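Let's take a walk through this protein together, from the overall layout down to single side chains. Keep the structure open beside you as you read.

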Amino acid sequence: GPTLILALTRENAVAHWRDLLGPKTVEEAMKENPNSLRAQYAVSNVPIGQLHGSSTPDDAQKELEFFFPEEHTFALIKPAAAAKYKDVILQKVKDAGFTISKFKEESLTREMAAQFYHDHEGKPFFEDLLSCMTEGPSVIMVLTKENAVEEWRNLMGPVDPEVAKETSPESIRAHFAEDILSNAVHGSSTKEHAQKSIECVFGELDLD
Ligand code: CMP
């Protein structure tokens, strides 16, 4: 059946949790420390302890990475929003628990913007999109967190700010977008796109 997996945080967490768990086997726990969690929450007829804790901080790190793998996504604050709302948007990013693993401020050239948005080439708004993306410096970032691609997309909100205001009033686009083109922020739609954009802007990365 399902297992409940927790990342617990406090000073000296590994040793403290092990103290709470008590001796390794249920039998020892019952005998030596009946107040321990392993003794209190033993399941009758099951000799195996029902609770686990990492043995060392190194093991904790490995187990956390296994169960809660970090992901990177590519994120950009578009020029109009970067000029007006950079600090408040960055604060929202941090409040949402993202680590900013890479950061740079740079004006995209038309060539870079065209390469970046080549999926949209031929669409009626393509030229306007290039103009809007090259009118000043953008803030370009790699954001890191468990499930980063999806979580950044949720924080951005829908592409069209009118839709964002209706369906995600707390999102960045609902608050800071001017219109669908100058919609404050951009983010990759998949892990693969994120990887490509990160390599394109920051080069080969040693993020993992
Ligand atoms: P972004 O996340 O940067 O990805 C592509 C961009 O194209 C998108 O945000 C919008 O700014 C823009 N875009 C998408 N659809 C339209 C549209 N129908 N009209 C104008 N701009 C659009």
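Helices (DSSP runs of H or I with at least four residues) and strands (DSSP runs of E with at least two) are numbered from the N terminus. You are looking at a predicted model, in which local features need pLDDT of at least 70 and side-chain atom pairs count only at pLDDT 80 or more, while totals for chains, interfaces and linings use all residues. Residues are numbered from 1 along each chain as its sequence is written, and side-chain values use heavy atoms, with hydrogens and water left out.

Together, Leu4, Leu6 and Leu8 make a nonpolar surface patch of about 350 Å². Patch members have over 30% relative accessible area and no salt bridge; like charges are joined within 9 Å, and nonpolar side chains (Val, Leu, Ile, Met, Phe, Trp, Tyr) within 5 Å. The areas themselves come from the Shrake-Rupley method with a 1.4 Å probe, and for residues only the protein chains shown count as cover.

Now for the backbone. Most residues other than glycine have a negative phi, and most peptide bonds are trans. Asn12 is not a glycine, yet its phi is positive, about 55°. Asn12 also lies in the segment before H1, and it is exposed, with a relative accessible area of 58%. Another asparagine to look at is Asn147, whose phi is positive too, near 60°. Asn147 is found in the loop between strand S3 (138-146) and helix H8 (148-156), and it is partly exposed at 32% relative accessibility.

Step back for the overall plan. The protein is divided into domain 1 (13-67) and domain 2 (71-202), with bounds that come from an automatic or database domain assignment. The C-alpha centres of the two domains lie 44 Å apart.

Which residues have the most contacts inside the largest nonpolar core? They are Ile77, Trp152, Ile172 and Val185, in a core of 20 residues. A nonpolar core here is a set of buried Ala, Val, Leu, Ile, Met, Phe, Trp, Tyr and Cys residues joined through side-chain atoms within 4.5 Å. Strand S1 (70-77), H5, S3, H8 and helix H10 (172-176) are the elements that give two or more residues to this core. H5 makes the largest contribution, with five residues.

Buried residues in H5 are Pro79, Ala80, Ala81, Ala82, Ile89, Leu90 and Val93. After H5 comes Gly97, with a positive phi near 90°.

Finally, turn to the charged pairs. The structure holds six salt bridges, each a side-chain nitrogen of Lys or Arg within 4 Å of a carboxyl oxygen of Asp or Glu. In one of them, Lys86 pairs with Glu105, and the closest N and O atoms are 3.0 Å apart. Lys86 lies in helix H5 and Glu105 in strand S2 (residues 99-106), so this bridge ties together parts that are 19 residues apart in sequence. Lys86 is partly exposed at 24% relative accessible area, and Glu105 is partly exposed at 46%.

Another bridge joins Glu127 and Arg110, with the closest N and O atoms 2.4 Å apart. Here Glu127 in helix H7 (residues 126-133) is linked to Arg110 in helix H6 (residues 110-116), 17 residues apart. Glu151 and Lys145 also meet in a salt bridge, at 2.5 Å from N to O. Is Lys145 buried or partly exposed? Lys145 counts as buried, because its relative accessibility is 16%, whereas Glu151, at 30%, counts as partly exposed.

Methods:
Buried means under 20% relative accessible area, exposed over 50%, partly exposed in between (1.4 Å probe, protein chains only).
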